[in-house]
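Please consider the model shown below. The explanation turns to its aromatic contacts and then to a sheet.

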Amino acid sequence: MERGGGKPAAVVAVVTEPRFTQRYREYLKREKLLDRQYRVEKMPDGKVALPVRGEALPEQHLQELRIRVAPGSTCTLTHLLDPVPSKAAQSCSPAQRLCLEVSRWVEDQGVTWSAELEADLPRSWQRHGNLLLLSEDCFKAKQWNSLEPELWETVASALGVQRLAKRGRVSPDGTRTPAVSLLLGDNGWVEHVDNGIRYKFDITQCMFSFGNITEKLRVASLPCVGQVLVDLYAGIGYFTLPFLVHAGASFVHACEWNPHAVAALRNNLEINGIVDRCQIHFGDNRKLKLSNIADRVNLGLIPSSEEGWPIACQVLRKDAGGILHIHQNVESFPGKNLQPPGSNEMEEHWPCPQQIITNHGGNGGTRDSRRSVLSAATKPEWHRWAESAETRIATLLQQMHGKPWKTQILHIQPVKSYAPHVDHIVLDLECRPCPLVD
């Protein structure tokens, strides 16, 4: 265990003369009593202290050492107040250190350590300040149940945190509530700073994706000065905040129906000093009363934001239109040569996407991006989905406003690989009303 300052607590050690050190060491190793996390230390009086596991060494072992292992030896106990970590402990990875400390503690509780338990330890995790979020695929064995809650204190100490939580599956309740249980600590509130923006939220109630950082950085660089934006799936402010803080949007209407996310969003607007430039619309965005107001609309919901497309078309300015940023998980099909409409031949190889696709088709044509040349930095499935979305949006706009609109694919931006053969992408779609012809 560790003290609050991060130093290890005092360790029990057995003391004897130097000439008996090797015999003591062999016995303690054989009995699984030697604490290999710490070095054997030389005492001021010339004797040697061998760190042992547990809070004390049973008298039976002391007698065995004095009488049978090393007759004539001085065998006493002491506490090393500042034990020195062994070379092996210093070179351990966090996962190795966790295994070392948990296995030692488990055996101290009288439970036999096994390959099953070792395989059930986490190999990766997310660190949120002094809280560690474990994945759902660890600590599943029934043997752990009898070791709680002290087990979690050992895990936290081994990994240098004060709080622990464990992830479950995201609840399919529409609010994407994470099934996260707090294992150690009083609350799940954490703080992150991304690109100079502070995000505070309760990890047991709200989602946070590290993988979206590239899109948050891209959003922060967009030219939004003087523009009004509607964020249909605001969450804790993942994109609302960079649009306001860095992109220069004059005002954002943020829609969210998870009450815990709304509480976090309010707090994040306050701590970032932009509360006066955002209005939160709590509830189902499909019932949003806004219209004819937005220069941009952000639809940051995956796997699909399609249910929000009609309301996105509703809030766009009727006189000038605007840009939609549409998030989507798109499946790819390795080995299949799928051709999007209008393409005669496809590249045989599609490298890993690392750049934005730009349509240079000009400003005049209606949905003329169908004739654009596919970049070798994208996948055909992305472009095919983008064209399908463009057609659907153009239809919605015409139905809603009673006249045709020009639509143009500006960018297709890869965000991250969400699962095998599933990519999270963002389509930037420009939508402008066609001028009336006299």
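**Aromatic pairs and a sheet**

The structure contains six aromatic pairs, where rings of Phe, Tyr and Trp (its six-membered ring) pair if their centres lie within 6.5 Å, with planes under 30 degrees apart counted as stacked, over 60 as edge-to-face and the rest as tilted. This is a predicted model, in which local features need pLDDT of at least 70 and side-chain atom pairs count only at pLDDT 80 or more, while totals for chains, interfaces and linings use all residues. Residues are numbered from 1 along each chain as its sequence is written, and side-chain values use heavy atoms, with hydrogens and water left out.

One of the pairs joins Tyr199 and Phe208 edge-to-face, at 6.0 Å centre to centre and 70° between the planes. Phe208 also pairs with Phe201, here stacked, with 5.1 Å between centres and 10° between planes. Tyr199 has a relative accessible area of 1% and is therefore buried (under 20% relative accessible area; exposed is over 50%, partly exposed in between, with a 1.4 Å probe and protein chains only). Phe201 and Phe208 are buried as well. Lys216 lies over the face of Tyr199, 4.8 Å from the ring centre (NZ of Lys or CZ of Arg within 6 Å of the centre and within 35 degrees of the ring normal). Elsewhere, ring pairs link Trp113, Phe139, Trp144 and Trp152 into a cluster.

Four strands form an open sheet in the order β2-β3-β1-β4, with antiparallel pairing; strands are DSSP runs of E of at least two residues, numbered from the N terminus, and two pair if DSSP finds at least two bridges between them. β2 (41–42) and β4 (76–80) each have a single partner strand, so one side of each is left without a neighbour in the sheet.
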